[in-house]
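This report concerns helix packing, the surroundings of a ligand and a few individual residues. The sequence and the structure are shown first.

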Amino acid sequence: MNLLEGKKGIIFGALNDMSIAWKTAETVHRMGAEIVLTNAPVAMRMGEIHKLAEQCGNAPVIPADATSMEDLKALFEGAMEHFGGKVDFVLHSIGMSPNVRKGKHYTGLNYSYLDKTFDVSAISLHKTLQTAMELDAINEWGSVVGLSYIAAQRTFPDYGDMADAKSLLESIARSFGYHYGTQKKVRINTISQSPTVTTAGSGVKGFDEFIAYSEAMSPLGNATGQACADYCATLFSDLTRYVTMQNLFHDGGFSNTGVSMEVISKFAKEEG
Ligand SMILES: NC(=O)c1ccc[n+]([C@@H]2O[C@H](COP(=O)([O-])OP(=O)(O)OC[C@H]3O[C@@H](n4cnc5c(N)ncnc54)[C@H](O)[C@@H]3O)[C@@H](O)[C@H]2O)c1
């Protein structure tokens with residue numbers, strides 16, 4: 001399991017031990033990678049990330065608001081200084097919608113909140129990539145992964161404006177993936193993950209019912225946060241060097257299932 005021996009990376013978004021980024025940090029560390037951890041300065045207040053840093057070989061923690069070009073520049077410069085060179089992978093595990101948080105219905109969005117949703121949840125990936133490219137901070141054949149959700153392709157009414165943000169995120173991964181690929185052979189993908197119990201996930205209305213529905217619709221069941229971390233590790237490894245500009249479903253088969261017997265049986269009429 002030394003899949004990532006010698007690799008160096010930056011992990012955004014480890015808020016607490018439920019976070020997909022937290023599990024990914026632990027996993028890549030176990031597989032031999034060295035990491036720098038980052039999150040928004042406000043998210044540092046709980047101090048949880050420092051526990052994770054300790055578990056991951058005293059990884060440096062560099063706060064950065066992923067919507068701030070200044071913070072992102074300082075982050076990449078700090079990481080390169082720490083590693084004494086460029087990084088091999090970046091995990092963008094960031095999402096937040098003030099509209100969803102404040103219960104604004106999709107048909108009654110607050111547009112300044114919408115700007116914030118897009119900036120935090122999607123444009124921050126562009127800002128991260130642009131900063132990395134300007135500083136030439138990612139090695140050739142490096143790998144960048146963002147996290148998405150199937151609401152980018154199909155409607156899930158309670159997901160609100162996050163659905164639009166995820167469409168934009170996936171589009172940025174494709175568009176930037178072309179340019180970073182041709183210039184530096186850096187690959188960029190999104191993983192479309194099953195609903196997962198985390199702080200961001202639980203903010204979506206009706207999440208418990210929804211997670212049960214998704215479980216019943218997926219032939220393999222919902223993919224866990226740990227399984228997502230394992231998948232991220234494969235994308236950071238040299239075994240997936242020609243995978244780029246893709247949105248990769250990691251959802252136990254949910255995305256290709258029309259209906260499952262478990263769900264349809266709930267509509268069966270009572271006999272007699
Ligand atoms: N949980 C799910 O059901 C699910 C499903 C599919 C995709 N995702 C995606 O996975 C990613 C990670 O979310 P999670 O479920 O682990 O939840 P989480 O709440 O643990 O992580 C979200 C992270 O985004 C960070 N963040 C918010 N604003 C930021 C900013 N301005 N700058 C930097 N960081 C900022 C938060 O501090 C937090 O660490 C998100 O993109 C989310 O949309 C989650």
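Two residues are said to be in contact if their C-beta atoms, placed from the backbone, lie within 7 Å. Helices (H or I, at least four residues) and strands (E, at least two) are DSSP runs, numbered from the N terminus. The model is a predicted one, in which local features need pLDDT of at least 70 and side-chain atom pairs count only at pLDDT 80 or more, while totals for chains, interfaces and linings use all residues. Residues are numbered from 1 along each chain as its sequence is written.

**Helix α1 and its partner**

By the contact criterion, Ile 20, Lys 23, Thr 24, Thr 27 and Val 28 of α1 meet Gly 225, Gln 226, Cys 228, Ala 229, Asp 230, Cys 232, Ala 233 and Phe 236 of α9. By class, this contact of α1 with α9 has 7 nonpolar, 4 polar and 2 charged residues. Here Ala, Val, Leu, Ile, Met, Phe, Trp, Tyr, Cys and Pro count as nonpolar, Asp, Glu, Lys and Arg as charged, and the others, Gly among them, as polar. As background, an α-helix has 3.6 residues a turn, so residues three or four places apart point the same way.

Of the 11 residues of α1, 8 are buried, so the helix is largely enclosed by the rest of the structure. A residue is buried if 20 or more other C-beta atoms lie within 10 Å of its own, exposed if 12 or fewer, and partly exposed in between, with C-beta atoms placed from the backbone. The buried residues of α1 are Ile 20, Ala 21, Trp 22, Lys 23, Thr 24, Ala 25, Thr 27 and Val 28. Just after α1, Gly 32 takes a positive phi of about 100°.

**Helix pairs**

Axes are lines fitted to C-alpha atoms, for helices over the stretch in contact, and angles run from 0 to 180 degrees between N-to-C directions.

| Pair | Angle | Axes |
|---|---|---|
| α1 and α9 (residues 225–236) | about 55° | 8 Å apart |
| α3 (residues 69–83) and α5 (residues 111–134) | roughly 50° | within 9 Å |
| α5 and α6 | about 15° | 7 Å apart |

Angles under 35 degrees count as roughly parallel, over 145 as roughly antiparallel, 65 to 115 as roughly perpendicular and the rest as oblique. Helices α1 and α9 are therefore oblique to each other. The angle between α3 and α5 likewise makes that pair oblique, whereas α5 is roughly parallel to α6.

The contact of α5 with α6 includes Phe 118, Leu 125 and Met 133 of α5, together with Leu 168, Ile 172 and Phe 176 of α6. Its residues comprise 13 nonpolar, 3 polar and no charged ones. In the other contact involving α5, Met 69, Leu 72, Lys 73 and Phe 76 of α3 meet Lys 127, Thr 128, Thr 131 and Ala 132 of α5. That contact divides into 4 nonpolar, 2 polar and 2 charged residues.

**Surroundings of the ligand**

A residue is taken as near a molecule if its C-beta atom, placed from the backbone, lies within 6 Å of it. There are 27 residues around the ligand, of which Ser 19, Gly 95, Thr 198, Ala 200 and Gly 201 come nearest. Two or more residues of the shell come from each of α1 (20–30), β4 (138–148) and α7 (199–202). Helix α7 gives the most, with 3 residues. By class, the shell holds 14 nonpolar, 12 polar and 1 charged residue.

**Individual residues**

Most residues other than glycine have a negative phi, and most peptide bonds are trans. Asn 58, not a glycine, has a positive phi near 50°. Asn 58 lies in the loop between α2 (48–55) and α3, and counts as exposed, with 9 C-beta neighbours inside 10 Å. Lys 185 also has a positive phi, of about 60°, without being a glycine. Lys 185 is placed in the loop between α6 (162–184) and β5 (187–193), and its 14 C-beta neighbours inside 10 Å make it partly exposed.

Lys 8, in strand β1 (residues 8–12), is buried, with 21 other C-beta atoms within 10 Å. Not counting residues up to four places away in sequence, Lys 8 touches Ala 33, Glu 34, Phe 83, Val 87 and Asp 88.
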